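This report covers aromatic ring pairs and surface pockets.

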Amino acid sequence: MGVTRRSVLGLGIAAAALPGLSRAAPAAPAAFLGQSGEPQTGRLVLGLLVADDETALRQAVSDLRTKLSYRRVLRQRSTDRYKLAFARALIDALAARSDTRFAAVAFDLPPWPKPGAARDRLVRAALAEALAAAPAGAPVSLVDNGDRAAIGTLVHALPSAPARVLRYARIGDDDLLQVAALLTGLANPSRARSRSTKGTLVAHLRLSLGVGEISARALSRHPRFSVRSVKV
């Protein structure tokens with residue numbers, strides 16, 4: 001029996017329904033919150049990594065890990081010799097992506113209250129400022145390591161959840177939370193010595209962004225890596 005147009009169309013429809021042969025799923029945006037500093041010290045920076053396509057960004061970071069054979073948890077304060085090459089390459093890769101951006105908020109906080117309604121209000125206010133850059137409806141991932149100073153832990157403990165889809169993970173379990181944490185640390189360069197690992201990465205980020213300093217003064221309106229200063 002010959003192949004008819006109807007049979008060809010039927011095969012096409014059947015193939016489209018098979019796993020792996022269907023059309024790619026549409027890009028799904030997501031955001032990832034990083035933290036540098038602790039609220040009880042009066043100095044806190046929250047940074048939001050926004051991915052227009054979460055799956056694509058995860059794959060890009062995974063591919064970079066494979067290329068550079070970097071399998072460790074990417075930590076803000078780590079000084080291992082392999083981190084420097086990976087973090088530099090990561091900054092360059094992010095700078096080349098038009099579907100990824102980062103927004104940090106440096107907070108000037110009042111004396112940190114004890115657990116209760118006053119502290120809950122401050123946590124909500126800080127979170128609202130930090131999530132202003134998140135796309136509407138996009139899920140937001142936060143670190144919850146059980147650390148009482150971590151904003152993710154504090155938000156998790158609020159009496160009622162904010163009007164957002166929030167996802168929680170330990171820092172070692174999510175590549176993109178690690179990226180968000182690294183960038184947030186670089187957005188808070190106040191104690192970075194020039195010859196330290198962090199100082200070297202801050203200098204690399206400045207060069208990548210074409211600015212003289214990483215600060216709200218220099219980056220308040222940058223479209224890809226912004227820093228704002230807020231008093232709550």
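The model is predicted, so local features need pLDDT of at least 70 and side-chain atom pairs pLDDT 80 or more, while totals for chains, interfaces and linings use all residues. Residues are numbered from 1 along each chain as its sequence is written, and side-chain values use heavy atoms, without hydrogens and water.

**Aromatic pairs**

The structure contains two aromatic pairs. Rings of Phe, Tyr and Trp (its six-membered ring) pair if their centres lie within 6.5 Å; planes under 30 degrees apart are stacked, over 60 edge-to-face, and the rest tilted. The ring centres of Y70 and F86 are 4.8 Å apart and the planes are at 10 degrees, so this pair is stacked. Y70 sits in the loop between α2 (54-68) and α3 (81-95), and F86 in helix α3; the pair links distant parts of the chain, 16 residues apart. Helices (H or I, at least four residues) and strands (E, at least two) are DSSP runs numbered from the N terminus.

F102 and F225 form a tilted pair, with 4.8 Å centre to centre and 40 degrees between the planes. This pair also links distant parts of the chain: F102 lies in strand β3 (residues 100-108) and F225 in strand β6 (residues 225-231), 123 residues apart. Both F102 and F225 are buried.

**Pockets**

A pocket is an open set of points on a 1 Å grid over the protein atoms alone, where a 1.4 Å probe fits, with protein on both sides within 12 Å along at least five of seven lines; lining residues have an atom within 4 Å of a point. Volume is the space filled by probe spheres set on the points, which are joined across faces, edges and corners.

| Largest | about 1,100 Å³ | Q35, S36, G37, Q76 and R77 |

The largest pocket is lined by 37 residues. Two or more of them come from each of β1 (30-38), β4 (140-143), α5 (151-156), α6 (175-186) and α7 (197-209), and β1 gives the largest share, six residues. This lining has 13 nonpolar, 15 polar and nine charged residues. Ala, Val, Leu, Ile, Met, Phe, Trp, Tyr, Cys and Pro count as nonpolar, Asp, Glu, Lys and Arg as charged, and the others, including Gly, as polar.

Definitions and conventions. Buried < 20%, exposed > 50% of the residue type's maximum accessible area, 1.4 Å probe, protein only.
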